[in-house]
Amino acid sequence: MSHCIDLTHQRFGRLVVEQRAKTVARNGNVCWLCQCDCGKRVVVEGYALRKGITRSCGCLRREVSRRNAQHNESFINAQGGALVDKNGIGYSSLIRSKRNHTGVIGVSFDKKSGTYIARLMYHGRYVLNRATRSFEEAVELRRQAEQQYFKVKEMND
């Protein structure tokens, strides 16, 4: 007869155990359904909870990585220096990469859907991310977004 340590309602880092999960780990360990402080629910092996191996749904790792990346000079240098200019505009939105096959910065072609994608990232967020069947429409969407966010008349001329 197997014995199981009841972890219901216990807190482990950012996770609070709600109930025993219906699934069992490959090694036979009991799994638990947990609610993370961020609101996400995850199923975690009991051993990983008790030993402190798993303390969140993954949000803790993302926060720590983001914080470390912003303040780690070595990481920034390894990425090719600053990823944004002094105005907060990502260099990927300003410089045409060698992977760009359309010839227009921020406009790409998606072979799977057969559409052109117009994108513009500003202060770390996509302010434009639209698909269209027409290359000309995608270029125009990108140009309008550049005028709105970059305050530039013609960047691609």
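The legends below describe close-up views of a predicted model.

In this predicted model, local features need pLDDT of at least 70 and side-chain atom pairs count only at pLDDT 80 or more, while totals for chains, interfaces and linings use all residues. Residues are numbered from 1 along each chain as its sequence is written, and side-chain values use heavy atoms, with hydrogens and water left out.

**View 1. The open sheet of 4 strands.**
The strands follow the order β1-β2-β3-β4 with antiparallel pairing, where a strand is a DSSP run (E, at least two residues) numbered from the N terminus, and two strands pair if DSSP finds at least two bridges between them. Because β1 (11–12) and β4 (41–45) stand at the edges with a single partner strand each, one side of each is left without a neighbour in the sheet. Strand β3 (residues 30–36) is joined to β4 by 5 bridges, and Gln-35 stands opposite Arg-41 in β4.

**View 2. The hairpin of β5 and β6.**
Strand β5 (residues 107–110) pairs with strand β6 (residues 115–122) in the antiparallel sense over 4 bridges. There are 4 residues between the strands of this hairpin, in which Gly-114 takes a positive phi near 70°.

**View 3. The aromatic cluster.**
Ring pairs link Phe-109, Tyr-116 and Phe-135 into a cluster, and the structure holds 2 aromatic pairs. Rings of Phe, Tyr and Trp (its six-membered ring) pair if their centres lie within 6.5 Å, and they count as stacked with planes under 30 degrees apart, as edge-to-face over 60, and as tilted for the rest. The rings of Phe-109 and Tyr-116 have centres 4.8 Å apart and planes at 55°, so this pair is tilted. Phe-109 also stands opposite Tyr-116 in β6.
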